[in-house]
Amino acid sequence: MRITYACPACHATTSIDGIETRESLDCAACGAVLPIPADAIAGRGTPQARLQRCMVCPSLELFVRKDFPQRLGLAIVVAGLAASCVAWANRELVATFGILFGTALLDVTLFFLMPDCLSCYRCGTRYSGPGVTTPGGSPAAGGREFGGFDLETHEKHRQLVARTKRLASDPTHP
Ligand SMILES: [Zn+2]
Ligand SMILES: [Zn+2]
């Protein structure tokens, strides 16, 4: 399993592989050590190891999303638009719509081919690779199951983070 998180100490983005066998997360930029909570992974050391909660913040709420690089998706759309504009300028009507349709199809296909990953509502940490989701979608034995993105949960965490920041900057006025 791989983690991609923003270091709470220096805010640098760090990726670490094989977190199911590690005791702590070490920031490559500032060296800050973040101990991995003992209950973060169920079945540690077994092929059934499953993520149970976020390792960076105390949140238990994660959501399933596609491990799709947004920049790649955007690059495909932009390239498709540019190519179709060229075709349009040359009055190649069939080519114009062919290119547009082709890029949309490519984006959708790539999206479905990409594996799932888990993302933390509160701190945005991402978890990918084996152990983040159950193959075939059936619930893991005794493990927590995470659903798709839920706006209500997202809003709850956003407000929680905002309140924590306010408290930290001005402890006298909660
Ligand atoms: Zn750091
Ligand atoms: Zn988190």
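**Note on the predicted model: sheet, core and domains**

1. In this predicted model, five strands make up an open sheet, ordered S2-S1-S9-S8-S7, with antiparallel pairing. The edge positions are taken by S2 (13-16) and S7 (62-66); each has a single partner strand, so one side of each lacks a neighbour in the sheet. On average, and with direction ignored, neighbouring strands of the sheet are turned by 20° against each other.

2. Strands S7 and S8 (residues 116-120) run antiparallel and are joined by five bridges. One of the pairs involves Lys66, whose bridge partner in S8 is Asp116. Strand S8 is mostly covered, four of its five residues being buried.

3. On to the pairing of S8 with S9. Strand S9 (residues 126-128) runs antiparallel to S8, and two bridges join them. Here Ser119 stands opposite Arg126 of S9. The hairpin formed by S8 and S9 has five residues between the strands, and Gly124 in this hairpin takes a positive phi near 80°.

4. Which residues have the most contacts inside the largest nonpolar core? They are Leu51, Leu62, Leu118, Tyr127 and Val132, in a core of 17 residues. Both S1 (2-6) and S8 supply at least two residues of this core. Strand S8 gives the most, with three residues. As background, nonpolar side chains in soluble globular proteins tend to be buried together.

5. Tyr127 deserves a separate entry. Leaving out residues up to four places away in sequence, Tyr127 touches Met1, Ile3, Leu51, Cys117, Leu118 and Val132. Among these, Leu51, Leu118 and Val132 are also listed with the most contacts inside the core.

6. The chain is divided into two domains: domain 1 covers 2-66 + 117-149, and domain 2 covers 70-112. The centres of domain 1 and domain 2, taken over C-alpha atoms, are separated by 35 Å.

7. Does the length of helix H1 agree or disagree with what its residue count predicts? Helix H1 (residues 70-89) has 20 residues, which at 1.5 Å a residue should span 28 Å; the C-alpha atoms at its ends lie 29 Å apart, so the two values agree. Just after H1, Arg91 takes a positive phi of about 60°.

Terms used:
Residues numbered from 1 in each chain as written. Chains lettered and ligands numbered in written order. Predicted model: local features only at pLDDT ≥ 70, side-chain atom pairs only at ≥ 80, totals over all residues. Pairing = 2+ DSSP bridges. Axes fitted to C-alpha atoms, helices over the stretch in contact; angles between N-to-C directions. Buried ≥ 20, exposed ≤ 12 C-beta atoms within 10 Å, placed from the backbone. Domains from an automatic or database assignment. Expected span 1.5 Å × (residues − 1). Core = buried A, V, L, I, M, F, W, Y, C linked by C-beta atoms within 7 Å. Contact = placed C-beta atoms within 7 Å.
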